[in-house]
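This report describes selected structural features of one protein model. Please consult the sequence and the structure shown here while reading.

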Amino acid sequence: MIFKWVLNLLSDSDEKKLVKLRPIIAQINSLELALQKLSDEELKSRSAALKERAVAGENLDNFLPEAFALVREASVRTTGLRHFDVQLLGGLILHQGKIAEMKTGEGKTLAATLPIYLNALTGKGTHVVTVNDYLAKRDSEWMGPIYRMLGLDVGVIQHWMEPAERKVAYAADVTYGTNNEFGFDHLRDNMAFSLEQCVQRELHYAIVDEVDSILIDEARTPLIISGMVEQSIQGFMKGDDIGKKLILGSDFATDKKTKNAVLTEMGVKKVERMLNIEYLYDIQHMDLAHQITQSLRARHLFEKNVDYVVKDGEIIIVDEFTGRLMQGRRYAEGLHQAIEAKENVQVRQESQTLATITFQNYFRLYDKLAGMTGTAKTEESEFWKIYGLEVLVIPTHKPMIREDMSDVIYKNKRAKFRAVIDEIADWHKNGRPLLVGSISIEDSELISQMLKRRGIPHHVLNAKQHEREAEIISQAGQKGNVTISTNMAGRGTDIVLGEGVAEIGGLHVIATERHESRRIDNQLRGRAGRQGDKGSTRFYVSLEDNLMKLFGSNRIASMMERLGIEEDTPIEHGLISRAIANAQNKVEQYHFSIRKQVLEFDDVMNKQRETIYALRRRTLEGRDLKAKVLEMMGQVVKEQTGMFLSEKIHPDEWDYDGLINSFNEIIPIQGLDKVKDVRDLNEVRESLFSTLSQAYAVREQDISPEHMREIEKLVMLRVIDTAWIEQLHNMDSLKEGIGLRGVGGRDPLVEYKIEGYAMFNEMMAGVREEIIKMIFRVQVAEEENVAPKRMKVQYGAPQKQERSVSAATSVKIGRNDPCPCGSGKKYKKCCMLKEKQ
């Protein structure tokens with residue numbers, strides 16, 4: 001039943017939409033008794049019949065009530081859990097491709113099984129996206145029996161899996177995994193050299209768990225696959241040596257909000273004296289200047305055991321939203337190397353981008369997308385604007401009775417942590433289980449040391465102890481247990497109350513700092529008082545906390561000094577509470593602006609990416625390769641004739657020799673001279689295309705059509721990949737400098753779009769030329785296993801690319817090759833022009 005008291009909690013619009021779903025809930029409930037009488041085999045048979053209808057293309061809504069009822073019955077038999085009406089409601093919203101806001105503890109994981117099963121019946125697969133490997137594995141094992149009873153198979157993607165294992169998991173009807181794994185597998189598939197190396201199927205339907213964390217919090221950082229760049233490691237060591245000698249304030253300034261550092265004029269002169277050079281920003285010193293800046297960022301803006309940890313001689317990034325280690329991820333643009341130099345571990349080579357995509361653009365590739373979380377309504381406008389996702393609030397099954405106590409604010413961190421320890425000691429005497437949340441690994445270990453001195457037994461859950469996560473969480477709700485945790489215990493963790501705990505007040509959550517995002521704070525609160533349980537929460541804040549320092553806590557601190565307030569005296573005042581709320585709001589607005597900018601710029605790249613990936617996929621599948629090559633040949637003819645034979649001048653002035661020489665560089669064949677007698681541009685093009693296509697047909701006969709198709713495929717993949725990597729680098733360089741256009745009153749984004757479009761067109765023209773040139777020049781080697789190996793690249797952990805290429809090409813300089821003069825320009829834009837003159 002959906003009671004009126006819960007509907008009164010919802011907005012009018014949400015209530016009206018949910019009321020319309022009541023008849024469907026009633027239909028599902030009406031099938032329950034009949035299904036209870038069926039055997040397990042009969043249930044599976046009913047499921048198989050539904051699958052036949054779905055595969056045949058019937059609208060899923062036609063048999064939705066029966067499908068949902070089957071899932072509920074299978075769940076009761078396999079897990080002992082029965083879907084409440086509010087969970088059926090949540091499942092309906094998810095099936096409609098919307099976001100269901102369900103309070104923590106309301107059983108989102110179970111609710112998701114309903115639309116997952118229904119949409120998986122199509123045979124196209126469904127993806128369940130979680131925030132970490134632990135939850136993906138847990139949920140797949142926990143909910144898996146439901147799907148298997150109904151005849152569906154379940155897969156799970158884990159970070160350590162090899163491609164063959166991933167392919168099996170993606171072939172399942174239901175696949176669990178993290179947003180990172182799904183995104184990176186998509187990028188790797190678009191770097192594969194054969195269809196057999198691709199692991200994902202079509203992107204049909206996805207449900208994103210903790211949707212606000214994945215699609216908002218983590219959307220600031222794009223996914224990047226990188227490979228090694230040849231660069232001297234000594235430069236990073238030298239940059240670190242100089243960076244440690246510079247003084248904050250006089251030699252350089254930092255911005256904690258953007259985590260940027262910049263040398264002052266005095267600092268630049270100091271570095272120039274240290275290096276005995278005339279000008280630091282001369283082109284020959286630019287790399288070192290960049291490395292010095294990265295060293296300053298590493299030393300003054302990135303903290304050990306906060307932003308990263310040092311483990312087994314490696315720098316491992318800590319996810320600021322989940323508190324988990326991000327294995328394999330590396331900071332870009334030399335920052336990771338600067339941190340390695342700072343921590344005196346092995347400095348690894350810098351990497352270059354091979355493939356990249358934002359979470360926004362990856363998840364918009366799905367035919368249907370849905371999400372669930374306990375905290376989404378405040379970000380409704382962003383969800384709608386970027387993803388087209390509507391947010392609906394689902395009522396709770398039981399009324400919320402958790403007590404959220406007022407924040408307690410202290411003058412400094414010392415006093416705050418002493419007060420936290422005192423409160424822990426007081427509640428521990430009572431036997432209540434306590435969850436103590438901290439922002440960083442460093443703070444969690446400090447609290448642990450203070451508790452040890454007080455003789456209070458406890459468990460610590462942070463990125464350093466992530467292996468014991470399941471064990472620690474399973475005991476966190478037992479009487480007398482004290483658990484200290486970073487954000488790892490903030491999302492997706494169910495803390496079940498032990499026997500007798502509800503009678504003494506339930507779980508008490510103590511937060512030692514306010515997070516930048518209110519949603520993260522609410523997630524931590526939500527660990528207590530789940531499903532109508534008793535519980536309570538309290539936040540401790542100091543004016544030295546990062547959030548407060550970002551937005552003017554100095555003014556409040558100086559006021560406290562004047563009033564003579566002792567450091568151990570807690571402050572409770574509306575002014576402070578408003579300052580905290582205002583600070584969080586400012587940070588959230590700032591992060592939204594970053595996400596918006598990342599998306600706007602990536603949308604430009606996304607159009608290019610879609611074109612390249614579509615061409616690459618067509619090539620992998622071997623679809624009409626000959627037709628595509630002939631189409632490219634026609635485009636090359638048009639582009640070349642346009643360069644040398646302008647319609648704006650008389651044909652007697654056309655540069656026929658230039659045209660023929662240019663074509664001979666691309667395709668060294670006989671019979672091109674006859675175009676000199678033609679004075680009509682279209683006839684010239686037809687003549688050239690006819691000559692080229694005839695030469696192509698002769699070559700095809702010489703090496704056999706079968707071998708020709710293989711050559712077309714390998715050449716196209718090689719040329720496309722090489723050009724795309726260069727284009728990514730060029731677009732990155734363009735983006736870095738485009739902001740300066742704003743000084744001249746021009747919109748940087750518009751400029752980026754215009755220049756990016758021109759660069760892409762130039763790249764595609766070069767790709768077409770290079771493909772035609774390679775196809776005519778490549779030599780077939782008589783050897784076995786000539787197919788290239790897969791480019792084995794792991795995200796964030798760059799490796800050298802290995803390709804076995806059995807092709808011999810002419811050493812003659814091509815138009816798009818680097819100019820031998822060393823200018824860095826392409827030959828056609830440098831010495832080729834001079835030679836013509």
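Two residues are in contact when heavy atoms of theirs lie within 4.5 Å. The model is predicted, so local features need pLDDT of at least 70 and side-chain atom pairs pLDDT 80 or more, while totals for chains, interfaces and linings use all residues. Numbering starts from 1 along each chain as its sequence is written, and side-chain values rest on heavy atoms, without hydrogens and water.

**A residue in helix α6**

S75 belongs to helix α6, which spans residues 64-78. Helices (H or I, at least four residues) and strands (E, at least two) are DSSP runs numbered from the N terminus. With 0% relative accessibility, S75 is classed as buried; buried means under 20% relative accessible area, exposed over 50%, and partly exposed in between, using a 1.4 Å probe and protein chains only. Apart from neighbours within four places in sequence, S75 contacts G80, L81, H83, L110 and I146.

**The sheet and its helices**

Seven strands form an open sheet with parallel pairing, in the order β3-β4-β2-β5-β13-β1-β14. Because β3 (154-156) and β14 (391-393) are the edge strands, each with a single partner, one side of each has no neighbour in the sheet. On average, neighbouring strands of this sheet are turned by 20° against each other, direction ignored. Strands count as paired if DSSP finds at least two bridges between them. Strand β1 (residues 99-101) and strand β13 (residues 368-373) run parallel and are joined by three bridges; A100 lies opposite M372 of β13.

Helix α9 (residues 133-149) packs on the sheet and touches β2 (126-130), β3, β4 (174-178) and β5 (205-209), with its direction at about 170° to that of β4. Helix α11 (residues 179-189) lies across β2 and β4, at about 100° to β4. These axes are lines fitted to C-alpha atoms, for helices over the stretch in contact, and the angles run from 0 to 180 degrees between N-to-C directions.

**Charges over rings**

A charge sits over a ring if NZ of Lys or CZ of Arg is within 6 Å of the ring centre and within 35 degrees of the ring normal.

| Charged residue | Ring | Distance to ring centre |
|---|---|---|
| K368 | Y205 | 4.9 Å |
| R514 | F539 | 4.2 Å |

**A mostly covered helix**

In helix α27 (residues 656-666), eight of the eleven residues are buried. These are Y656, G658, L659, I660, S662, F663, E665 and I666.
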